[in-house]
Amino acid sequence: MKYCILFILLLLSSLLFSQAIIKGKVVDAKSREPIEYTMVASHSANGVIYTTTDINGNFAIQFGDQISVSFLGYQSITIPVLPNQPIVIALEPAAINLKDFVIQNNTVAKFSTISKVDLALKPVSNSQELLRVAPGLFIAQHAGGGKAEQIFLRGFDCDHGTDIQVSVDGMPVNMVSHAHGQGYADAHFIIPETVNNINFGAGPYYTEHGNLNTAGYVAFGTYKNISKSRIQVERGQFNSTRGLAMIDLFKKDKDLQSAYIAAEYNYTDGPTIYPQNFNRYNIFGKYNLSITQNTQLSLSLSTFKSKWNASGQIPSRALENGMIDRFGSIDPSEGGNTQRQNANLILKHQFKNGGNFNNQLYYTNYDFNLYSNFSFYLNDSVNGDAIQQAESRNIIGYTGNYSKQHFWGNTKIESVYGIGFRHDAISNSQLANTVKRVFLNNVQLGDILETNAFSFVQQEISSGKWLINAGLRLDYFHFNYKDHLSVPQNPSQQKSILSPKLNIQYTINQQVQVFIKTGKGFHSNDTRVVVANEGREILPAAYGSDLGIVFKPTSKTIITIAAWQLLLDQEFVYVGDEGIIEPSGKSIRQGIDIT
């Protein structure tokens, strides 16, 4: 009942009437790239009203005699305006100066865009370094450079992505019901130099982010276009080579259409005695077209392939007794190969009433093959304990949302309504015993079908020093597993979950802001767990809360402190390395973040 009341209140708030407004877009003067979370101020006899641009660089604000626009790393600008006439404001890049950073509404959201500054000051060459841009996120690589990283955030061992949602241009990176673990997030298909910004958030407080967003999320955004072409070759230790090419395909009229293609190649033998023979190549292309002044289309295509050997983990006693060198290996046959192809189509339209309708359709084809040996000769003293995990997968998904801003006096209300689905079809999800990459026998083998349909509504109210964001999300799952090694089959299962969110900010002045975040999130469990457990306790919820402060003690120092808590319900965990289900109880994590 309480969810129904919240939903009705959210809908009613969107019916408030509008006044004369200024609509516009803020872009980079050189690349014509939209700039998100830019501070826009409307000046009138009644005072100053603030807003920020959205992820497309668009803004709408109550009419004033003039507006001023500012963003970290760009020259501020003030211009006169006329009501109901859309404008495009191009900001010139400038030296980065924290003096330009002003604490206003949406400051907490704006902190994520400081990642653009990090990328400018500390260029990165792989997806590992990209992930490290998110504050408090730690990663560790093991079993060679072709495997997804181990991710740690807010006291979580997120494994390879179980409790953190990762995406690029709105397309999910995580693989649900993966052969090597739930939420497996291999981001190596991203070419770092194509990344324009990194949006991130800790905790389950964000209505647009659903499954796996418990400890937090990381969302990469690629450049709409590039200002110039480049070719780069690097050489390093251990016979390491990296090549990069980025070609600008349209030199003029980039507001109308733009396109570029990027390609990357990596090779290294690594520091180990047995060479890794690590190979990886990526190709990424993106095309943008302004069909009309209010309708934009974006299409991106990418392909990725990687193969490698791995020295794997080694027992300390083997090193201590001199059996192997610290760079040696017990089983040098570890390693694997993987590939991924993506197509991502985005269509955006702005209606005459100022409403924005965004549509995204994506498709992924994915293959994975991994050889591991974690216990060597513990279980099989003759052949060893090497295993193979493999799968082939197709993903198709859609996300659509409609957003509209309303003004009531000095109060701004932004309404967002969204729907979508994701369907994973996985064939021959396999766990097998092997010896030196030669098949012995299957432990598990089957086909998985998993569908997630969702809808959400969000209302954000900005009035004076207050910013209130409330949302409600509904997720529906359908799970089906066809076991090739067992008869009869367990029936398919379905489950739904509601996730309310409420975030409040109060800006005391331009030096101090306080905030509280509360929300419910979840991560789905592996389909094999869901079906085997007959649908019981298979969407464990996560309940989070943050209490924090943002303050600027000096002109060049910004500090955020947040005390947080996260509670998780009962879970059933699929241990892919052994093909078993391990139950675990409730958990509670508490901590303090200082940024």
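Are Arg393 and Glu391 buried or exposed? Select the two and take a look: Arg393 is buried, and Glu391 is too. They also form a salt bridge, with the closest N and O atoms 2.8 Å apart. Keep in mind as you click around that this is a predicted model.

Next, select Arg242 and Glu264. Here you'll find another salt bridge, and its closest N and O atoms are 2.9 Å apart. Glu264 sits in strand β17 (residues 257-268) and Arg242 in strand β16 (residues 240-248), so this pair ties together parts that are 22 residues apart in sequence. Both Glu264 and Arg242 are buried.

How do the two partners sit? Arg242 has 6% relative accessibility, so it counts as buried, whereas Glu234, at 30%, counts as partly exposed.

Together, Glu193, Glu234, Arg242 and Glu264 are linked in a network of salt bridges. Across the whole structure, a search turns up twelve salt bridges.

For the last stop, jump to Ser403, which you'll find in strand β22 (residues 387-408). Why does Ser403 count as buried? Because its relative accessibility is 10%, and buried means under 20%. To see what surrounds Ser403, show its contacts: leaving aside residues up to four places away in sequence, Ser403 touches Gly354, Gly355 and Asn356, along with Glu414, Ser415 and Val416.

How values were computed. Residues are numbered from 1 along each chain as its sequence is written. This is a predicted model: local features need pLDDT of at least 70, side-chain atom pairs count only at pLDDT 80 or more; totals for chains, interfaces and linings use all residues. Side-chain values use heavy atoms; hydrogens and water are left out. Helices (H or I, at least four residues) and strands (E, at least two) are DSSP runs, numbered from the N terminus. Buried means under 20% relative accessible area, exposed over 50%, partly exposed in between (1.4 Å probe, protein chains only). Contact means heavy atoms within 4.5 Å. A salt bridge is a side-chain nitrogen of Lys or Arg within 4 Å of a carboxyl oxygen of Asp or Glu.
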